[in-house]
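Take a look at the model below.

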Amino acid sequence: MKKILAVVLALVMVLSFAACGAKEVVKFAVSDLEGNVVYEFEVELAEGATAGTLLEEGLKANGIDYEQIDSTMIQRIGDLEQDSVNWTVWWSVYVNGEYGQVGLWEQPVAGGDLIEIKLENTF
């Protein structure tokens, strides 16, 4: 009986350590006006991170050039750019399929979240 208990206890410990080592990630997808996903990547979740901070980290890690406006809004990702003069084309953010209610740098994230950044227009 002691051997069985020892084996079960060892198995529980191994599984516990394996679960602790699992890293949570946030997934990002950036789409053009036609809805084509142009960039996809994952970023390891860090405590206190927002969608904006993880987006920046992921873009840098993947060598994707980008431009911000006042460090609170994305102007351009790669060759995709919003029209910040006439606002006929802009970036929309979706969190797990739902339209984002706050800006990227205010948007909390959790492991397994999908953040979609899509170019959209009024037409």
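Strands S1 (25–31) and S2 (37–44) run antiparallel and are joined by 7 bridges. Strands here are DSSP E runs of at least two residues, helices are H or I runs of at least four, and both are numbered from the N terminus. This is a predicted model: local features need pLDDT of at least 70, side-chain atom pairs count only at pLDDT 80 or more, and totals for chains, interfaces and linings use all residues. Residues are numbered from 1 along each chain as its sequence is written, and side-chain values use heavy atoms, with hydrogens and water left out.

**The sheet**

Two strands pair if DSSP finds at least two bridges between them. The open sheet has 5 strands in the order S2-S1-S8-S6-S7, with mixed pairing. S2 and strand S7 (98–99) stand at the edges with a single partner strand each, so one side of each has no neighbour in the sheet.

| Pair | Bridges | Direction |
|---|---|---|
| S1 and S2 | 7 bridges | antiparallel |
| S1 and S8 | 5 bridges | parallel |
| S6 and S7 | 2 bridges | antiparallel |

The hairpin of S1 and S2 has 5 residues between the strands, and Gly35 takes a positive phi near 90° there. S1 is largely enclosed by the rest of the structure, because 5 of its 7 residues are buried. Buried means under 20% relative accessible area, exposed over 50%, and partly exposed in between (1.4 Å probe, protein chains only).

**The core**

In soluble globular proteins, nonpolar side chains tend to be buried together. A nonpolar core is a set of buried Ala, Val, Leu, Ile, Met, Phe, Trp, Tyr and Cys residues joined through side-chain atoms within 4.5 Å. The largest one has 25 residues, and Phe28, Ile77 and Ile115 touch the most other members. Among the elements giving two or more residues to this core are S1, S2 and helix H2 (51–61). Contact means heavy atoms within 4.5 Å. Beyond four places in sequence, the contacts of Ile77 include Val30, Trp91 and Ile117. Val30 also stands opposite Ile117 in S8.

Is Glu40 buried or exposed? Glu40 counts as exposed, because its relative accessibility is 64%. Glu40 lies in S2, where it is the bridge partner of Ala29.

Asp83 sits in the loop between strand S5 (80–81) and S6. Asp83 is buried yet has no salt bridge. A salt bridge needs a side-chain nitrogen of Lys or Arg within 4 Å of a carboxyl oxygen of Asp or Glu. The nearest side chain of opposite charge to Asp83 is Arg76, 13 Å away.

Terms used
Lys and Arg count as positive and Asp and Glu as negative; His and the chain ends are not counted.
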